[in-house]
Amino acid sequence: MGSGQVTSTSELFDFQGKHVTVAGLGVSGVPAARALHARGAVVTVVNDGDDARAREQAAELRALGVTVRLGDGATLPEGTELIVTAPGWQPDKPLFLAADRAGVPVWGDVELAWRLRGPDAAPWLAVTGTNGKTTTVQMLASILTAAGLRTAAVGNIGVSLLDAVLGEERYDVLAVELSSYQLHWAPSLRAHSAVVLNLAPDHLDWHGSMEAYARDKGRIYEGNKVACVYNVADRATEDLVREADVEEGCRAVGFTLGTPGPSELGVVEGILVDRAFVENRQKNAQELAEVGDVDPPAPHNIANALAAAALARAFGVPATAVRDGLRAFRPDAHRIAHVADIDGVAYVDDSKATNTHAAEASLASYEPIVWIAGGLAKGATFDELVARSAKRLRGVVLIGADRALIREALARHAPEVPVVDLDRTDTGAMLQAVTEAKRLAQPGDTVLLAPACASMDMFTNYNQRGDAFAAAVRELGA
(Lines give C-alpha, C1' and ligand atoms only; values in the text may rest on other atoms or scores of the structure.)
Protein backbone atom coordinates (compact mmCIF):
# COMPACT_ATOMS: atom_id res chain seq x y z
CA MET A 1 0.00 0.00 0.00
CA GLY A 2 1.59 3.23 -1.12
CA SER A 3 2.14 5.99 1.43
CA GLY A 4 2.54 9.08 -0.72
CA GLN A 5 0.66 12.12 0.54
CA VAL A 6 -2.21 12.81 -1.86
CA THR A 7 -2.89 16.40 -2.81
CA SER A 8 -6.56 17.31 -2.50
CA THR A 9 -8.25 17.70 -5.87
CA SER A 10 -11.63 18.77 -4.56
CA GLU A 11 -11.10 22.51 -5.03
CA LEU A 12 -14.05 24.09 -6.77
CA PHE A 13 -13.75 24.08 -10.53
CA ASP A 14 -14.78 27.35 -12.21
CA PHE A 15 -17.46 26.46 -14.75
CA GLN A 16 -18.38 30.04 -15.65
CA GLY A 17 -18.38 30.33 -19.45
CA LYS A 18 -16.91 26.84 -19.92
CA HIS A 19 -18.30 24.83 -22.82
CA VAL A 20 -19.34 21.51 -21.27
CA THR A 21 -20.88 18.58 -23.11
CA VAL A 22 -23.08 16.23 -21.08
CA ALA A 23 -23.15 12.74 -22.61
CA GLY A 24 -26.49 11.05 -21.97
CA LEU A 25 -29.76 12.09 -20.37
CA GLY A 26 -31.39 9.87 -17.75
CA VAL A 27 -30.82 9.61 -14.00
CA SER A 28 -27.38 11.26 -13.99
CA GLY A 29 -27.36 13.41 -17.14
CA VAL A 30 -30.29 15.69 -16.35
CA PRO A 31 -29.06 16.66 -12.82
CA ALA A 32 -25.56 17.17 -14.25
CA ALA A 33 -26.83 19.48 -16.99
CA ARG A 34 -28.90 21.47 -14.49
CA ALA A 35 -26.00 21.81 -12.04
CA LEU A 36 -23.55 22.90 -14.73
CA HIS A 37 -25.98 25.38 -16.24
CA ALA A 38 -26.63 26.87 -12.79
CA ARG A 39 -22.88 27.47 -12.43
CA GLY A 40 -22.63 29.43 -15.64
CA ALA A 41 -21.42 26.71 -17.99
CA VAL A 42 -22.48 26.68 -21.64
CA VAL A 43 -24.06 23.24 -21.71
CA THR A 44 -24.76 20.95 -24.66
CA VAL A 45 -26.38 17.58 -24.01
CA VAL A 46 -25.90 14.79 -26.55
CA ASN A 47 -27.95 11.61 -26.38
CA ASP A 48 -28.01 8.47 -28.53
CA GLY A 49 -31.74 7.89 -28.09
CA ASP A 50 -34.63 9.98 -29.37
CA ASP A 51 -37.60 8.35 -27.65
CA ALA A 52 -40.54 9.94 -25.86
CA ARG A 53 -38.78 10.06 -22.48
CA ALA A 54 -35.67 11.66 -24.00
CA ARG A 55 -37.78 14.27 -25.78
CA GLU A 56 -39.58 15.08 -22.53
CA GLN A 57 -36.26 15.53 -20.68
CA ALA A 58 -34.84 17.54 -23.57
CA ALA A 59 -37.81 19.94 -23.46
CA GLU A 60 -37.21 20.58 -19.73
CA LEU A 61 -33.53 21.36 -20.31
CA ARG A 62 -34.13 23.51 -23.40
CA ALA A 63 -36.52 25.63 -21.34
CA LEU A 64 -33.51 26.50 -19.15
CA GLY A 65 -31.40 27.42 -22.17
CA VAL A 66 -29.48 24.15 -22.47
CA THR A 67 -28.75 22.89 -26.00
CA VAL A 68 -29.85 19.25 -26.51
CA ARG A 69 -28.95 17.02 -29.48
CA LEU A 70 -31.02 13.85 -29.60
CA GLY A 71 -30.06 10.86 -31.72
CA ASP A 72 -26.46 12.02 -32.03
CA GLY A 73 -24.18 10.93 -29.21
CA ALA A 74 -21.16 10.30 -31.42
CA THR A 75 -20.04 13.75 -32.52
CA LEU A 76 -17.97 16.03 -30.26
CA PRO A 77 -19.64 19.47 -30.21
CA GLU A 78 -17.35 22.23 -31.41
CA GLY A 79 -15.62 24.15 -28.64
CA THR A 80 -16.12 21.46 -25.97
CA GLU A 81 -13.73 21.97 -23.03
CA LEU A 82 -15.06 19.19 -20.77
CA ILE A 83 -17.32 16.15 -21.12
CA VAL A 84 -19.47 14.91 -18.24
CA THR A 85 -20.74 11.44 -19.09
CA ALA A 86 -23.40 9.08 -17.85
CA PRO A 87 -21.56 6.12 -16.27
CA GLY A 88 -22.78 3.49 -18.72
CA TRP A 89 -21.25 5.09 -21.84
CA GLN A 90 -18.35 2.90 -22.95
CA PRO A 91 -14.84 4.39 -23.15
CA ASP A 92 -14.43 3.35 -26.79
CA LYS A 93 -17.39 5.41 -28.02
CA PRO A 94 -16.49 7.77 -30.89
CA LEU A 95 -17.33 10.79 -28.71
CA PHE A 96 -14.62 9.87 -26.21
CA LEU A 97 -12.09 8.91 -28.85
CA ALA A 98 -12.60 12.36 -30.40
CA ALA A 99 -12.25 13.96 -26.95
CA ASP A 100 -9.00 12.10 -26.37
CA ARG A 101 -7.60 13.33 -29.68
CA ALA A 102 -8.63 16.89 -28.80
CA GLY A 103 -7.24 16.71 -25.26
CA VAL A 104 -10.69 17.19 -23.71
CA PRO A 105 -11.06 15.65 -20.21
CA VAL A 106 -13.96 13.30 -19.44
CA TRP A 107 -15.64 13.16 -16.03
CA GLY A 108 -18.46 11.01 -14.77
CA ASP A 109 -21.34 12.16 -12.58
CA VAL A 110 -19.41 10.98 -9.51
CA GLU A 111 -16.39 13.10 -10.44
CA LEU A 112 -18.68 16.10 -10.98
CA ALA A 113 -20.32 15.58 -7.58
CA TRP A 114 -16.90 15.27 -5.95
CA ARG A 115 -15.71 18.52 -7.56
CA LEU A 116 -18.88 20.37 -6.53
CA ARG A 117 -18.70 19.49 -2.85
CA GLY A 118 -18.51 22.43 -0.51
CA PRO A 119 -15.57 23.03 1.84
CA ASP A 120 -17.44 21.45 4.79
CA ALA A 121 -18.81 18.53 2.77
CA ALA A 122 -19.61 15.19 4.37
CA PRO A 123 -16.91 12.50 4.01
CA TRP A 124 -17.63 9.53 1.77
CA LEU A 125 -17.52 5.90 2.87
CA ALA A 126 -17.34 4.12 -0.48
CA VAL A 127 -18.32 0.59 -1.52
CA THR A 128 -17.70 -1.33 -4.73
CA GLY A 129 -17.40 -4.97 -5.79
CA THR A 130 -18.86 -7.36 -8.30
CA ASN A 131 -21.69 -8.34 -5.95
CA GLY A 132 -23.20 -7.13 -2.68
CA LYS A 133 -22.68 -3.39 -3.18
CA THR A 134 -26.24 -2.21 -2.62
CA THR A 135 -26.85 -4.45 0.39
CA THR A 136 -23.57 -3.38 2.00
CA VAL A 137 -24.24 0.32 1.43
CA GLN A 138 -27.73 0.00 2.89
CA MET A 139 -26.37 -1.91 5.90
CA LEU A 140 -23.74 0.79 6.35
CA ALA A 141 -26.34 3.56 6.21
CA SER A 142 -28.44 1.69 8.77
CA ILE A 143 -25.44 1.39 11.12
CA LEU A 144 -24.50 5.07 10.70
CA THR A 145 -28.13 6.05 11.39
CA ALA A 146 -28.14 3.89 14.52
CA ALA A 147 -25.09 5.86 15.67
CA GLY A 148 -27.12 9.07 15.42
CA LEU A 149 -25.37 10.33 12.31
CA ARG A 150 -27.14 12.15 9.48
CA THR A 151 -26.49 10.00 6.43
CA ALA A 152 -27.90 8.65 3.19
CA ALA A 153 -27.23 5.67 0.91
CA VAL A 154 -26.34 7.26 -2.42
CA GLY A 155 -24.52 6.69 -5.72
CA ASN A 156 -25.28 3.72 -7.92
CA ILE A 157 -28.45 2.79 -6.03
CA GLY A 158 -30.78 5.31 -7.63
CA VAL A 159 -30.19 8.38 -5.45
CA SER A 160 -28.14 10.90 -7.40
CA LEU A 161 -24.87 11.85 -5.74
CA LEU A 162 -25.28 15.30 -7.23
CA ASP A 163 -28.61 15.69 -5.45
CA ALA A 164 -27.02 14.59 -2.17
CA VAL A 165 -24.05 16.93 -2.57
CA LEU A 166 -25.97 19.98 -3.81
CA GLY A 167 -29.23 19.56 -1.89
CA GLU A 168 -30.23 21.60 1.14
CA GLU A 169 -29.96 18.71 3.59
CA ARG A 170 -26.66 18.54 5.45
CA TYR A 171 -25.08 15.15 6.13
CA ASP A 172 -22.42 14.00 8.58
CA VAL A 173 -21.27 11.20 6.27
CA LEU A 174 -22.43 9.54 3.04
CA ALA A 175 -22.60 5.79 2.30
CA VAL A 176 -21.69 5.69 -1.39
CA GLU A 177 -22.18 2.79 -3.79
CA LEU A 178 -19.90 3.03 -6.82
CA SER A 179 -19.93 0.86 -9.93
CA SER A 180 -16.84 0.09 -11.99
CA TYR A 181 -18.30 2.38 -14.67
CA GLN A 182 -18.53 5.29 -12.25
CA LEU A 183 -15.05 4.70 -10.89
CA HIS A 184 -13.59 4.65 -14.40
CA TRP A 185 -14.69 8.25 -14.86
CA ALA A 186 -13.80 9.51 -11.34
CA PRO A 187 -10.04 10.25 -11.29
CA SER A 188 -10.13 12.74 -8.39
CA LEU A 189 -12.29 10.80 -5.91
CA ARG A 190 -10.69 10.49 -2.46
CA ALA A 191 -12.84 8.62 0.05
CA HIS A 192 -12.51 8.64 3.84
CA SER A 193 -12.47 4.82 3.72
CA ALA A 194 -13.50 2.29 1.07
CA VAL A 195 -14.03 -1.41 0.36
CA VAL A 196 -13.85 -3.69 -2.65
CA LEU A 197 -16.14 -6.53 -1.58
CA ASN A 198 -15.09 -9.08 -4.21
CA LEU A 199 -13.87 -9.37 -7.78
CA ALA A 200 -15.22 -11.73 -10.43
CA PRO A 201 -15.56 -11.42 -14.21
CA ASP A 202 -18.38 -9.00 -15.04
CA HIS A 203 -18.96 -6.19 -17.55
CA LEU A 204 -15.91 -7.33 -19.49
CA ASP A 205 -17.58 -6.20 -22.71
CA TRP A 206 -17.47 -2.66 -21.29
CA HIS A 207 -13.99 -2.70 -19.72
CA GLY A 208 -12.29 -4.84 -22.36
CA SER A 209 -10.46 -7.16 -19.95
CA MET A 210 -10.49 -8.48 -16.39
CA GLU A 211 -7.35 -6.44 -15.70
CA ALA A 212 -9.03 -3.22 -16.78
CA TYR A 213 -12.15 -4.08 -14.75
CA ALA A 214 -10.04 -4.72 -11.61
CA ARG A 215 -8.04 -1.54 -12.20
CA ASP A 216 -11.21 0.55 -12.30
CA LYS A 217 -12.54 -1.10 -9.14
CA GLY A 218 -9.21 -0.40 -7.43
CA ARG A 219 -9.57 3.35 -8.04
CA ILE A 220 -11.86 3.42 -5.00
CA TYR A 221 -8.82 3.03 -2.72
CA GLU A 222 -6.85 5.94 -4.17
CA GLY A 223 -6.24 8.63 -1.57
CA ASN A 224 -8.14 6.86 1.24
CA LYS A 225 -7.59 8.54 4.59
CA VAL A 226 -8.36 5.97 7.30
CA ALA A 227 -9.01 2.43 6.01
CA CYS A 228 -8.82 0.35 2.84
CA VAL A 229 -11.10 -2.59 3.60
CA TYR A 230 -10.56 -5.83 1.65
CA ASN A 231 -11.93 -9.38 1.50
CA VAL A 232 -9.48 -11.89 3.04
CA ALA A 233 -11.08 -14.67 0.95
CA ASP A 234 -10.52 -12.74 -2.29
CA ARG A 235 -6.79 -12.12 -2.73
CA ALA A 236 -7.40 -9.81 -5.70
CA THR A 237 -9.02 -7.24 -3.41
CA GLU A 238 -5.98 -7.21 -1.13
CA ASP A 239 -3.72 -6.82 -4.17
CA LEU A 240 -5.66 -3.68 -5.11
CA VAL A 241 -5.02 -2.26 -1.62
CA ARG A 242 -1.30 -2.93 -1.96
CA GLU A 243 -1.23 -1.04 -5.26
CA ALA A 244 -3.16 1.98 -3.99
CA ASP A 245 -1.57 5.33 -3.19
CA VAL A 246 -3.17 6.47 0.06
CA GLU A 247 -2.75 9.13 2.71
CA GLU A 248 -0.14 8.64 5.43
CA GLY A 249 -1.52 6.47 8.23
CA CYS A 250 -4.29 4.80 6.21
CA ARG A 251 -4.58 1.13 7.19
CA ALA A 252 -5.42 -2.10 5.38
CA VAL A 253 -8.32 -3.83 7.17
CA GLY A 254 -9.54 -7.30 6.20
CA PHE A 255 -12.88 -9.04 6.73
CA THR A 256 -13.29 -12.80 6.89
CA LEU A 257 -15.95 -15.40 7.64
CA GLY A 258 -13.34 -17.17 9.77
CA THR A 259 -11.55 -16.18 12.96
CA PRO A 260 -10.04 -12.75 12.40
CA GLY A 261 -6.38 -11.94 12.83
CA PRO A 262 -5.12 -8.53 13.98
CA SER A 263 -6.46 -5.69 11.76
CA GLU A 264 -9.38 -7.87 10.66
CA LEU A 265 -13.07 -8.32 11.36
CA GLY A 266 -14.47 -11.85 11.39
CA VAL A 267 -16.70 -14.43 13.04
CA VAL A 268 -16.03 -16.37 16.26
CA GLU A 269 -18.64 -18.89 17.46
CA GLY A 270 -21.53 -17.06 15.85
CA ILE A 271 -20.34 -13.59 16.90
CA LEU A 272 -19.17 -10.83 14.56
CA VAL A 273 -15.98 -9.45 16.12
CA ASP A 274 -13.58 -6.57 15.46
CA ARG A 275 -9.80 -6.91 15.87
CA ALA A 276 -9.02 -3.83 13.79
CA PHE A 277 -10.47 -0.83 15.59
CA VAL A 278 -9.66 -1.79 19.19
CA GLU A 279 -6.88 -1.05 21.65
CA ASN A 280 -4.10 -3.66 21.51
CA ARG A 281 -5.54 -5.53 18.52
CA GLN A 282 -2.86 -8.22 18.89
CA LYS A 283 -4.71 -9.53 21.96
CA ASN A 284 -8.16 -7.92 22.10
CA ALA A 285 -11.40 -8.26 20.13
CA GLN A 286 -14.64 -6.30 20.30
CA GLU A 287 -17.98 -8.09 19.97
CA LEU A 288 -20.13 -6.29 17.39
CA ALA A 289 -23.24 -8.40 16.75
CA GLU A 290 -24.49 -11.95 16.45
CA VAL A 291 -24.81 -13.80 13.15
CA GLY A 292 -28.55 -13.93 13.88
CA ASP A 293 -28.68 -10.13 13.77
CA VAL A 294 -27.98 -10.26 10.01
CA ASP A 295 -30.97 -10.73 7.66
CA PRO A 296 -30.63 -13.17 5.97
CA PRO A 297 -27.69 -14.89 7.72
CA ALA A 298 -26.35 -16.42 4.47
CA PRO A 299 -22.52 -16.55 4.28
CA HIS A 300 -22.14 -13.85 1.64
CA ASN A 301 -24.51 -11.59 3.55
CA ILE A 302 -22.46 -12.03 6.72
CA ALA A 303 -19.49 -10.90 4.61
CA ASN A 304 -21.47 -7.83 3.52
CA ALA A 305 -22.27 -7.05 7.16
CA LEU A 306 -18.61 -7.33 8.16
CA ALA A 307 -17.58 -4.99 5.34
CA ALA A 308 -20.23 -2.45 6.36
CA ALA A 309 -19.16 -2.76 10.00
CA ALA A 310 -15.51 -2.18 9.05
CA LEU A 311 -16.32 1.06 7.24
CA ALA A 312 -18.53 2.24 10.08
CA ARG A 313 -15.86 1.43 12.66
CA ALA A 314 -13.29 3.27 10.55
CA PHE A 315 -15.54 6.30 10.92
CA GLY A 316 -15.57 5.88 14.71
CA VAL A 317 -19.00 4.28 15.15
CA PRO A 318 -19.46 2.38 18.48
CA ALA A 319 -20.01 -1.38 18.54
CA THR A 320 -23.59 -1.02 19.82
CA ALA A 321 -24.55 0.96 16.69
CA VAL A 322 -23.22 -1.86 14.48
CA ARG A 323 -25.50 -4.30 16.27
CA ASP A 324 -28.52 -1.99 16.27
CA GLY A 325 -28.01 -1.01 12.63
CA LEU A 326 -27.78 -4.60 11.45
CA ARG A 327 -30.88 -5.54 13.43
CA ALA A 328 -32.82 -2.67 11.85
CA PHE A 329 -31.71 -3.44 8.28
CA ARG A 330 -34.09 -5.19 5.89
CA PRO A 331 -32.83 -6.35 2.48
CA ASP A 332 -34.38 -5.15 -0.75
CA ALA A 333 -36.73 -7.38 -2.68
CA HIS A 334 -35.31 -10.15 -4.88
CA ARG A 335 -32.17 -10.64 -2.77
CA ILE A 336 -32.48 -14.10 -1.21
CA ALA A 337 -36.09 -13.32 -0.36
CA HIS A 338 -38.07 -16.20 1.16
CA VAL A 339 -41.37 -16.28 -0.75
CA ALA A 340 -43.23 -19.24 0.76
CA ASP A 341 -43.08 -22.80 2.08
CA ILE A 342 -45.26 -25.25 0.17
CA ASP A 343 -45.47 -28.94 1.13
CA GLY A 344 -42.21 -28.71 3.06
CA VAL A 345 -40.31 -26.99 0.23
CA ALA A 346 -38.93 -23.46 0.61
CA TYR A 347 -39.18 -21.10 -2.38
CA VAL A 348 -36.50 -18.38 -2.48
CA ASP A 349 -36.24 -15.43 -4.90
CA ASP A 350 -32.70 -14.24 -5.66
CA SER A 351 -33.47 -12.74 -9.06
CA LYS A 352 -30.77 -10.13 -8.30
CA ALA A 353 -28.17 -12.91 -8.84
CA THR A 354 -27.55 -11.73 -12.40
CA ASN A 355 -24.02 -13.14 -12.77
CA THR A 356 -22.21 -16.35 -11.87
CA HIS A 357 -20.47 -14.93 -8.81
CA ALA A 358 -23.75 -13.83 -7.23
CA ALA A 359 -25.42 -17.14 -8.13
CA GLU A 360 -22.60 -19.12 -6.55
CA ALA A 361 -22.99 -17.19 -3.29
CA SER A 362 -26.73 -17.84 -3.38
CA LEU A 363 -26.35 -21.55 -4.11
CA ALA A 364 -23.86 -21.87 -1.23
CA SER A 365 -26.59 -20.77 1.18
CA TYR A 366 -28.88 -23.81 0.75
CA GLU A 367 -28.85 -27.59 0.34
CA PRO A 368 -30.44 -29.51 -1.40
CA ILE A 369 -31.58 -27.16 -4.16
CA VAL A 370 -33.81 -27.23 -7.21
CA TRP A 371 -32.20 -24.44 -9.19
CA ILE A 372 -34.05 -22.19 -11.67
CA ALA A 373 -31.45 -20.52 -13.91
CA GLY A 374 -30.88 -18.88 -17.27
CA GLY A 375 -31.34 -15.65 -19.19
CA LEU A 376 -28.76 -13.47 -20.93
CA ALA A 377 -25.24 -14.71 -20.19
CA LYS A 378 -23.43 -11.43 -21.04
CA GLY A 379 -20.41 -13.42 -22.19
CA ALA A 380 -20.18 -15.50 -19.01
CA THR A 381 -19.17 -19.16 -18.77
CA PHE A 382 -20.73 -21.54 -16.25
CA ASP A 383 -18.33 -24.46 -15.78
CA GLU A 384 -16.81 -23.18 -12.55
CA LEU A 385 -20.19 -22.29 -11.05
CA VAL A 386 -21.70 -25.68 -11.85
CA ALA A 387 -18.63 -27.64 -10.72
CA ARG A 388 -18.62 -25.89 -7.33
CA SER A 389 -22.38 -26.21 -6.79
CA ALA A 390 -23.08 -29.66 -8.29
CA LYS A 391 -23.25 -31.53 -4.97
CA ARG A 392 -26.04 -29.23 -3.75
CA LEU A 393 -28.34 -29.73 -6.74
CA ARG A 394 -31.45 -31.92 -6.62
CA GLY A 395 -32.50 -30.72 -10.06
CA VAL A 396 -32.32 -27.78 -12.45
CA VAL A 397 -34.93 -25.93 -14.50
CA LEU A 398 -33.51 -23.78 -17.32
CA ILE A 399 -35.16 -20.76 -18.92
CA GLY A 400 -34.02 -17.92 -21.15
CA ALA A 401 -32.05 -17.22 -24.29
CA ASP A 402 -28.66 -18.56 -23.20
CA ARG A 403 -29.80 -21.58 -21.18
CA ALA A 404 -27.88 -23.95 -23.46
CA LEU A 405 -24.61 -22.66 -21.98
CA ILE A 406 -25.71 -23.75 -18.51
CA ARG A 407 -27.12 -27.04 -19.82
CA GLU A 408 -23.77 -27.89 -21.41
CA ALA A 409 -21.90 -27.06 -18.20
CA LEU A 410 -24.31 -29.29 -16.25
CA ALA A 411 -23.69 -32.13 -18.71
CA ARG A 412 -19.94 -31.80 -18.12
CA HIS A 413 -19.89 -31.36 -14.34
CA ALA A 414 -23.21 -32.67 -12.97
CA PRO A 415 -24.42 -35.30 -15.46
CA GLU A 416 -26.46 -37.12 -12.81
CA VAL A 417 -28.60 -34.06 -11.96
CA PRO A 418 -31.99 -34.05 -13.74
CA VAL A 419 -32.45 -31.01 -15.98
CA VAL A 420 -35.68 -29.56 -17.41
CA ASP A 421 -34.94 -27.31 -20.40
CA LEU A 422 -37.86 -24.98 -21.14
CA ASP A 423 -37.66 -23.90 -24.76
CA ARG A 424 -39.47 -20.60 -24.34
CA THR A 425 -38.59 -17.02 -23.45
CA ASP A 426 -42.03 -15.52 -22.85
CA THR A 427 -42.82 -14.13 -19.40
CA GLY A 428 -45.35 -16.93 -18.84
CA ALA A 429 -42.49 -19.43 -18.81
CA MET A 430 -41.89 -18.67 -15.13
CA LEU A 431 -45.09 -20.42 -14.03
CA GLN A 432 -44.07 -23.53 -15.95
CA ALA A 433 -40.55 -23.29 -14.48
CA VAL A 434 -41.87 -23.15 -10.91
CA THR A 435 -44.30 -26.01 -11.65
CA GLU A 436 -41.43 -28.17 -12.94
CA ALA A 437 -39.29 -27.21 -9.94
CA LYS A 438 -42.06 -28.27 -7.57
CA ARG A 439 -42.22 -31.64 -9.34
CA LEU A 440 -38.47 -32.16 -8.83
CA ALA A 441 -38.35 -30.98 -5.22
CA GLN A 442 -38.67 -33.08 -2.08
CA PRO A 443 -39.62 -31.97 1.46
CA GLY A 444 -36.67 -30.12 2.99
CA ASP A 445 -35.44 -28.83 -0.37
CA THR A 446 -35.19 -25.21 -1.52
CA VAL A 447 -36.42 -24.09 -4.92
CA LEU A 448 -34.03 -21.24 -5.69
CA LEU A 449 -34.33 -18.64 -8.44
CA ALA A 450 -30.70 -17.55 -8.87
CA PRO A 451 -30.47 -17.14 -12.63
CA ALA A 452 -26.72 -16.31 -12.99
CA CYS A 453 -27.85 -14.27 -16.01
CA ALA A 454 -29.38 -10.93 -16.87
CA SER A 455 -33.14 -10.77 -17.34
CA MET A 456 -33.74 -8.61 -20.43
CA ASP A 457 -34.37 -11.51 -22.81
CA MET A 458 -37.66 -12.24 -21.04
CA PHE A 459 -38.32 -9.40 -18.58
CA THR A 460 -37.91 -5.66 -18.22
CA ASN A 461 -35.45 -6.15 -15.35
CA TYR A 462 -34.57 -8.53 -12.51
CA ASN A 463 -37.35 -7.02 -10.38
CA GLN A 464 -40.02 -8.10 -12.86
CA ARG A 465 -38.40 -11.55 -13.08
CA GLY A 466 -38.50 -11.91 -9.30
CA ASP A 467 -42.09 -10.70 -9.17
CA ALA A 468 -43.04 -13.31 -11.79
CA PHE A 469 -41.38 -16.02 -9.69
CA ALA A 470 -43.18 -14.92 -6.52
CA ALA A 471 -46.52 -14.74 -8.35
CA ALA A 472 -46.00 -18.25 -9.75
CA VAL A 473 -45.17 -19.61 -6.28
CA ARG A 474 -48.30 -18.03 -4.83
CA GLU A 475 -50.41 -19.48 -7.64
CA LEU A 476 -48.90 -22.90 -6.97
CA GLY A 477 -49.70 -22.67 -3.28
CA ALA A 478 -53.23 -21.34 -3.73
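**Backbone geometry, nonpolar cores, aromatic pairs and a pocket**

Pro296 lies in the loop that runs between strand E14 (286-290) and helix H11 (299-314), and in this predicted model the peptide bond leading from Asp295 to Pro296 is cis, with omega near -10°.

Asn280, which is not a glycine, has a positive phi, near 50°, and its place is the loop between strand E13 (271-274) and E14. With a relative accessible area of 42%, Asn280 is partly exposed, because this value falls between the limits of 20% for buried and 50% for exposed residues. Asp343, likewise a residue other than glycine, has a positive phi near 50°, and it sits in the loop between strand E15 (337-342) and strand E16 (345-349). The relative accessible area of Asp343 is 61%, so this residue counts as exposed, the limit for that class being over 50%.

Leu272 is part of strand E13 and has a relative accessibility of 0%, so it is classed as buried. Between Leu272 and Val419 there are 147 residues of separation in sequence, and their C-alpha atoms stand 39 Å apart in space. Ala404, by contrast, is partly exposed because its relative accessibility is 27%, and it is found in helix H15 (residues 403-413). Although Ala404 and Gly374 are 30 residues apart along the chain, a distance of 8.6 Å separates their C-alpha atoms.

The largest nonpolar core contains 57 residues, and within it Trp124, Leu174 and Tyr221 are the residues that touch the most other members. The greatest contribution to this core comes from helix H1 (residues 26-38), which supplies 5 residues. Apart from this core lies another, made of 41 residues, including Ala276, Ala309, Ala319 and Val322. For Tyr221, when residues up to four places away in sequence are left out, the contacts include Ala194, Val195 and Val196, together with Cys228, Val229 and Tyr230. Tyr221 also touches Thr237, Leu240, Val241, Ala244, Asp245 and Val246.

Since Phe15 lies in the segment before strand E1 (19-23) and Trp107 in strand E5 (residues 106-108), the pair ties together parts that are 92 residues apart in sequence. Both of these residues, Phe15 and Trp107, are buried. Phe96 and Trp185 form a tilted aromatic pair, for which the centres are 4.9 Å apart and the angle between the planes is 50°. Here Phe96 belongs to helix H3 (residues 94-102), whereas Trp185 is located in the loop between helix H7 (180-184) and strand E9 (193-196), so the pair ties together parts that are 89 residues apart in sequence. Phe96 counts as buried because its relative accessibility is 4%, and Trp185 is placed in the buried class because its value is 7%; the class requires a relative accessible area under 20%. Ring pairs also bring in Trp89, so that Trp89, Phe96 and Trp185 are linked into a cluster.

Finally, the second largest pocket was considered, which has a volume of about 220 Å³. Its lining is made up of 15 residues, and those lying nearest the centre are Asp120, Ala121, Ala122, Val165 and Arg170. Helix H6 (residues 161-166) gives the most to this lining, contributing 3 residues. When the lining of the second largest pocket is sorted by class, it comprises 9 nonpolar residues, 1 polar residue and 5 charged residues.

Terms used:
Residues are numbered from 1 along each chain as its sequence is written. This is a predicted model: local features need pLDDT of at least 70, side-chain atom pairs count only at pLDDT 80 or more; totals for chains, interfaces and linings use all residues. Side-chain values use heavy atoms; hydrogens and water are left out. A nonpolar core is a set of buried Ala, Val, Leu, Ile, Met, Phe, Trp, Tyr and Cys residues joined through side-chain atoms within 4.5 Å. Buried means under 20% relative accessible area, exposed over 50%, partly exposed in between (1.4 Å probe, protein chains only). Helices (H or I, at least four residues) and strands (E, at least two) are DSSP runs, numbered from the N terminus. Contact means heavy atoms within 4.5 Å. On a 1 Å grid over the protein atoms alone, a cavity is a set of points where a 1.4 Å probe fits but cannot get out, and a pocket is an open set with protein on both sides within 12 Å along at least five of seven lines; lining residues have an atom within 4 Å of a point. Grid points are joined across faces, edges and corners, and a volume is the space filled by probe spheres set on the points. Ala, Val, Leu, Ile, Met, Phe, Trp, Tyr, Cys and Pro count as nonpolar, Asp, Glu, Lys and Arg as charged, and the others, Gly among them, as polar. Rings of Phe, Tyr and Trp (its six-membered ring) pair if their centres lie within 6.5 Å; planes under 30 degrees apart count as stacked, over 60 as edge-to-face and the rest as tilted.
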